[in-house]
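Dear colleague,

Please find below the structure that I am handing over to you. My findings follow it.

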Amino acid sequence: MSAVGLGCWALGGEHWGDDVDPEEGKAAVRAALEAGVTLFDTAPLYGAGRADRLLREALGPHLREVVVATKVGARMEGAHAISDLSPAHVRADVEASLRRLGVERLDLLQAHWPCERGTPLADTMEALVRLREEGKVRHLGLCNHGPEAIEAWADALAVAQTPLSLIRREGLSDVVPAARRGGVGVLAYEPLARGLLSGKFRALPRFPESDMRRRDPRFWASRFGQLAPSVGRLRAMAARVGVPPAALAVAWVASRPGVTAALVGAKRPAQVRENVQASRLLARPDAATLLDAVGTRF
């Protein structure tokens, strides 16, 4: 897997504003592929499967040349998403993902959230392992699960997925150490804190009702104002290094010990091209020193 992966939530067309265009989304996927990205993270919940279908269209024959990570369990119940990790729903979700993606086996299947319908994780994992034995899944993972679950099932897991960014670092003290102890890889999502660390918001943004960031406290006046000086320093550091702020923020996440890859969402090709410049930073001989300094100064 590439150290920078493309998160495909926005590709589903929901929760990211009124300017989400499917053709632009597919162009973003192709831009990622052209830039050397080999990891694409999707989920049935992203647009009720729409992200899967558009990802398949955008990748075309390259679908089998990359790693497509998907998830299982989350479904809509009325206006709200809930997690159902019962064996029956897990199997139905997997079968539906296989059809949408047009593949015989899923590269990586992750339990999206801890179950909210009372299914013990042991029952879920038994169902997932059985699907792997049947050849429908290559590797298994847990997403948004705590260190206890990761340690308990480390022998069955390839990865754990957790949020991680310059302003959200709790994963470095719980999930990442647990994964390292168990020999499990880590996929870190939201390295840009939903775009806050892209550096483009120099003033408090106004999002439409269709954009979930309207309800994110990080984009409310008080918290945004608290973070503004740090984001300004990130902008200045990125200018000195000669990369976009987004690339610097993503590279910091991807460079943390124990992190396998940083998953970054994008609506448009231009955003992808900024984000993937993180790989150039990671290849520098002084990357460790440079990026550690970013973390201490932020």
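The radius of gyration is taken over C-alpha atoms, and the globule rule is 2.2 Å times the number of residues to the power 0.38. For the 298 residues here, a compact globule would have a value near 19 Å; the protein chain has 18 Å and therefore agrees with the rule. Along its principal axes, the C-alpha trace spans about 50 × 40 × 40 Å.

This is a predicted model, in which local features need pLDDT of at least 70 and side-chain atom pairs count only at pLDDT 80 or more, while totals for chains, interfaces and linings use all residues. Residues are numbered from 1 along each chain as its sequence is written, and side-chain values use heavy atoms, with hydrogens and water left out.

The protein chain contains 11 helices and 10 strands (DSSP runs numbered from the N terminus: H or I of at least four residues for helices, E of at least two for strands). Strand β4 (residues 74-77) runs antiparallel to strand β5 (residues 80-83), and four bridges join them; two strands pair if DSSP finds at least two bridges between them. In this pair, R75 stands opposite I82 of β5. Two residues separate β4 from β5 in the hairpin, and G78 in the turn has a positive phi of about 70 degrees.

Of the 298 residues, 54% count as buried (under 20% relative accessible area, with a 1.4 Å probe and protein chains only). As for contacts (heavy atoms within 4.5 Å), among those between residues at least 6 apart in sequence, 76% join residues at least 24 apart.

Yours sincerely

Definitions and conventions
Buried < 20%, exposed > 50% of the residue type's maximum accessible area, 1.4 Å probe, protein only.
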